[in-house]
Amino acid sequence: ANSLLSSYGTTVFEVMSRLAIEHGSINLGQGFPDDFGPEPALKKASEFLFDRPNQYPPMLGVPELRQAVAAHNKHFYGLDVDWQTETMVSTGATEGLAACFFGLIEPGDEVVLIEPTYDCYLPIIRRAGGIPRVVTLRPPEWNLDIAALKAAFTEKTKLLVLNSPMNPASKVFTEEELSAIAEIVIANDCYAVCDEVYEHMAFDGRRHHPLMTLPGMRERCVRIGSAGKTFSLTGWKVGYLTAPAELLQPISKAHQFLVFTTAPNLQRAVAYGLGLGDGYFHGLRDSMQAKRNRLADGLSRINGFDCVECEGTYFQFVDISGLGFDGDDIEFCRHITTEAGVTAVPVSAFYHGAAPKNFIRFCFAKQDAILDEAVAKLAAYF
Ligand code: PMP
Ligand code: GLN
């Protein structure tokens with residue numbers, strides 16, 4: 001009989017969130033904020049639900065949002081983008097990534113990834129027929145080994161996937177690293193899929209630079225953003241892509257058969273959100289930076305929780321080897337969920353081959369009182 005066993009595992013976020021609900025534990029595992037997002041954008045979504053049509057919007061997205069994406073590129077990064085040929089709205093960054101992988105990869109093409117990788121990349125790349133070539137970064141410095149990256153490229157390489165700010169490593173790639181990456185991509189005549197969903201969460205004065213802004217890269221990059229991250233509205237699943245027309249064409253062909261489009265009132269409300277002034281975007285960054293400090297300070301007072309510096313994103317990467325726990329990161333995350341009442345995600349889920357077993361990830365996009373309560377519970381238990 002045909003086998004119905006799936007080669008896809010269940011995502012670690014679903015597994016840990018279910019366990020957290022089951023045990024009434026504070027969920028700092030799956031990455032989602034516990035605030036409501038900017039109220040004016042919520043009001044717009046509700047207005048647009050009633051006073052605009054709710055039928056299929058255009059396949060590439062509503063013009064208002066595509067224009068707002070082009071304007072956002074210009075405002076923050078000085079990029080000149082033609083909204084009609086170079087932007088596309090996706091159903092969350094996840095579907096945007098899937099459209100890139102299914103649209104750009106031909107069976108046998110090689111794809112270079114930098115590990116630890118966000119969990120949806122590899123399964124989709126493999127289903128698209130891509131062959132992953134993985135370069136691993138090591139904590140706590142997360143330095144990119146340029147020679148190793150260079151060596152990962154062959155004549156079969158089609159794409160590099162770059163996630164900066166990077167989940168779960170919380171690394172923001174430096175300008176020097178980006179220049180070296182650009183040079184390698186150009187030398188190998190490849191493209192780059194740039195997952196920049198945390199573009200507005202780079203801390204301590206660091207700046208996020210899209211790879212697309214580097215010399216020679218405008219024609220080679222797809223840049224992906226997410227309203228889930230930028231407006232704390234993860235349930236809306238609105239993402240947006242910027243890419244040269246030639247690259248966007250095959251991506252949009254995959255998008256048409258994946259989802260075709262996404263909810264029109266939400267697209268229009270996100271267009272409104274992208275037009276909020278700098279105060280909104282800086283406020284998001286500053287508030288996340290303060291939460292990062294709050295959680296890291298709290299954890300550092302508990303012996304054995306060793307925080308790796310978080311440069312961006314809303315995740316804290318923690319080395320737990322000092323706790324002397326008898327088990328791996330997966331067992332540890334189950335253990336603290338059931339015994340301490342706090343949930344994290346095991347970082348081995350973000351590795352492709354041999355994974356370290358002593359790291360976990362906390363999401364700090366939570367109310368201060370929740371972060372304090374989580375720290376108090378861990379302190380009481382350990
Ligand atoms: N990329 C990264 C690095 C992420 O952390 C996430 C999770 N939000 C996504 C993509 C998916 O974004 P979305 O929820 O917009 O699909
Ligand atoms: N991006 C979120 C994270 O890293 C999770 C998204 C999801 O659950 N698929 O936690």
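Me: In this predicted model, which residue in β13 does Val345 stand opposite?
Reply: Val345 has its counterpart in β13. The strands β12 and β13 run antiparallel and are joined by two bridges. The residue of β13 that stands opposite Val345 is Arg361.

Me: In what order do the four strands of the antiparallel open sheet stand?
Reply: β12 (345-346) and β9 are the edge strands, each pairing on one side only. β10 is joined to β13 (residues 359-363) by five bridges, and β9 (residues 306-308) is joined to β10 by three. The order is therefore β9-β10-β13-β12.

Me: Which residue of β13 stands opposite Asp319?
Reply: Strands β10 and β13 run antiparallel, with five bridges between them. Asp319 belongs to β10, which covers residues 315-319. Its opposite residue in β13 is Phe359.

Me: Which residue in β10 is the bridge partner of Val308?
Reply: β9 and β10 run antiparallel and are joined by three bridges. The two strands form a hairpin with six residues between them, and Thr313 in the turn has a positive phi of about 75°. The bridge partner of Val308 in β10 is Phe317.

Me: Why is strand β10 largely enclosed by the rest of the structure?
Reply: Strand β10 comprises five residues, numbered 315-319. A residue counts as buried if 20 or more other C-beta atoms lie within 10 Å of its own. Strand β10 is largely enclosed because the number of its residues that are buried is four of the five.

Me: Which strands stand at the edges of the open sheet of seven strands?
Reply: The sheet has mixed pairing and the order β2-β8-β7-β6-β5-β3-β4. From one strand to the next, the twist averages 20°. Each edge strand has a single partner, so one of its sides is left without a neighbour in the sheet; these strands are β2 (87-90) and β4 (131-136).

Me: In what sense do β5 and β6 pair, parallel or antiparallel?
Reply: Leu159 stands opposite Tyr191 in β6. Five bridges connect β5 (residues 157-163) with β6 (residues 191-195). The sense of this pairing is parallel.

Me: What angle does the direction of helix α5 make with that of β7?
Reply: Helix α5 (residues 92-104) packs on the sheet of seven strands. The strands it touches are β2, β5, β6, β7 (221-226) and β8 (239-242). The angle between the direction of α5 and that of β7 is about 160°.

Me: What distance separates the centres of domain 1 and domain 2?
Reply: The domain assignment gives domain 1 as 12-30 + 279-381 and domain 2 as 39-276. Between these domains, 25 residues of domain 1 are in contact with 25 residues of domain 2. Taken over C-alpha atoms, their centres are separated by 26 Å.

Me: Which element supplies the largest share of the side of domain 1 that touches domain 2?
Reply: By class, this side of domain 1 has 15 nonpolar, four polar and six charged residues. At least two residues are supplied by each of α12 (278-300), β10 and β13. The largest share, seven residues, comes from α12.

Me: How far apart do the end C-alpha atoms of residues 26-378 lie?
Reply: An unreviewed UniProt entry lists residues 26-378 for "domain: Aminotransferase class I/classII large". This span is 42% helix and 16% strand. Its end C-alpha atoms lie apart by 11 Å.

Note on methods. Residues numbered from 1 in each chain as written. Chains lettered and ligands numbered in written order. Predicted model: local features only at pLDDT ≥ 70, side-chain atom pairs only at ≥ 80, totals over all residues. Axes fitted to C-alpha atoms, helices over the stretch in contact; angles between N-to-C directions. Contact = placed C-beta atoms within 7 Å. Buried ≥ 20, exposed ≤ 12 C-beta atoms within 10 Å, placed from the backbone. Domains from an automatic or database assignment. Nonpolar A, V, L, I, M, F, W, Y, C, P; charged D, E, K, R; others polar. UniProt positions renumbered as here; feature names shortened; annotations may be inferred.
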